[in-house]
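This briefing goes through one protein model, from its overall fold down to single residues. Please keep the sequence and the coordinates open while reading.

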Amino acid sequence: MTPDFSEMPAVFDIKEILKILPHRYPFLLVDRIVEMDLEKGYILGQKNITFNESFFQGHFPGAPIMPGVLILEALAQAGGILVYLKGESEVEKIAVLMNVNQAKFRSPVRPGDVLFLKGEGQHFSKKGGKIKATAYVNNKVAVEAEIGFALVPKSQI
């Protein structure tokens with residue numbers, strides 16, 4: 001059973017996300033965080049998909065769908081926020097993508113869709129973490145994967 005996503009207020013708006021993620025336009029793929037529980041190791045982000053996204057010019061003209069690798073990147077960005085916040089480091093760090101496993105693409109993501117990015121922690125440490133990531137559109141699974149992260153000091157990036 002898939003969760004019932006509806007209009008939810010932001011836990012983190014874009015200003016808060018920009019304080020955590022180093023990504024900027026056109027590569028910032030999380031618009032807001034709508035739910036988060038650090039004790040349970042859970043996060044839910046949102047990405048509004050518009051026809052104005054630059055990748056729709058070539059993927060694919062006449063039948064636009066969001067590239068799967070960008071959906072995985074959006075999941076990694078939301079998950080990176082969770083891993084960063086769970087890391088509890090005294091040094092300022094960034095969650096860096098280490099691996100993607102068991103990725104499955106279930107349904108296309110099209111202009112006008114609202115993509116919900118769910119990350120459930122499987123493992124967290126001061127060195128990184130691993131999440132079970134699931135992207136939903138209209139309460140249906142679009143993409144799922146396991147994503148691993150390393151926490152790297154900002155000074156080394």
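Does Q102 count as buried or exposed? With a relative accessibility of 54%, Q102 counts as exposed, since the cut-off for that class is over 50%. The model is a predicted one, and its secondary structure consists of two helices and six strands.

**Fold and overall dimensions**

- In sequence order, the elements of the protein follow the pattern α-β-β-α-β-β-β-β.
- The radius of gyration of the protein is 15 Å, which agrees with the value near 15 Å that a compact globule of 157 residues would have.
- The C-alpha trace spans about 50 × 35 × 30 Å along its principal axes.
- Of the contacts between residues at least 6 apart in sequence, 65% join residues that are at least 24 apart.

**Surface and charge**

- Buried residues make up 44% of the 157 residues of the protein.
- The protein has an accessible surface of about 8,600 Å², and carbon and sulfur atoms account for 53% of that area.
- There are 18 positive and 17 negative side chains.
- The centres of these two sets of charged side chains lie 4 Å apart.

**Aromatic residues**

- The structure contains two aromatic pairs.
- The ring centres of F51 and F56 are 6.4 Å apart and their planes meet at 10°, so this pair is stacked; planes under 30 degrees apart fall in that class.
- F51 and F56 belong, together with F55, to one aromatic cluster.
- F51 has a relative accessibility of 57% and therefore counts as exposed.
- F56 has a relative accessibility of 3% and therefore counts as buried, the cut-off being under 20%.

**The segment before α1**

- P9 is located in the segment that precedes α1 (14-20).
- At 65% relative accessibility, P9 counts as exposed.
- P9 and I33 are separated by 24 residues in sequence, and their C-alpha atoms are 8.7 Å apart in space.
- With neighbours within four places in sequence left aside, P9 is in contact with R32, I33 and V34.

**Cis peptide bonds**

- Most residues other than glycine have a negative phi, and most peptide bonds are trans.
- Y25 and P26 are joined by a cis peptide bond with an omega of about 5°.
- P26 sits in the loop between α1 and β1 (32-37).
- H59 and F60 are also joined by a cis peptide bond, here with an omega of about -10°.
- F60 sits in the loop that runs between β2 (42-48) and α2 (68-87).

- Q102 is not a glycine, yet its phi is positive, at about 55°.
- This residue, Q102, is part of strand β3 (residues 93-105).
- N138, which is not a glycine either, has a positive phi of about 50°.
- N138 lies in the loop between β5 (128-137) and β6 (140-153).
- With a relative accessible area of 65%, N138 is exposed.

Definitions and conventions: Residues numbered from 1 in each chain as written. Predicted model: local features only at pLDDT ≥ 70, side-chain atom pairs only at ≥ 80, totals over all residues. Heavy atoms only, no water. Helix = DSSP H or I, 4+ residues; strand = E, 2+ residues; numbered from the N terminus. Rg over C-alpha atoms; globule rule 2.2 N^0.38 Å. Buried < 20%, exposed > 50% of the residue type's maximum accessible area, 1.4 Å probe, protein only. Contact = heavy atoms within 4.5 Å. Areas by Shrake-Rupley, 256 points an atom, 1.4 Å probe, with all protein chains shown as cover. Lys, Arg positive; Asp, Glu negative; His and termini not counted. Charge placed at Lys NZ, Arg CZ, Asp CG, Glu CD. Phe/Tyr/Trp six-rings, centres within 6.5 Å; stacked < 30°, edge-to-face > 60°.
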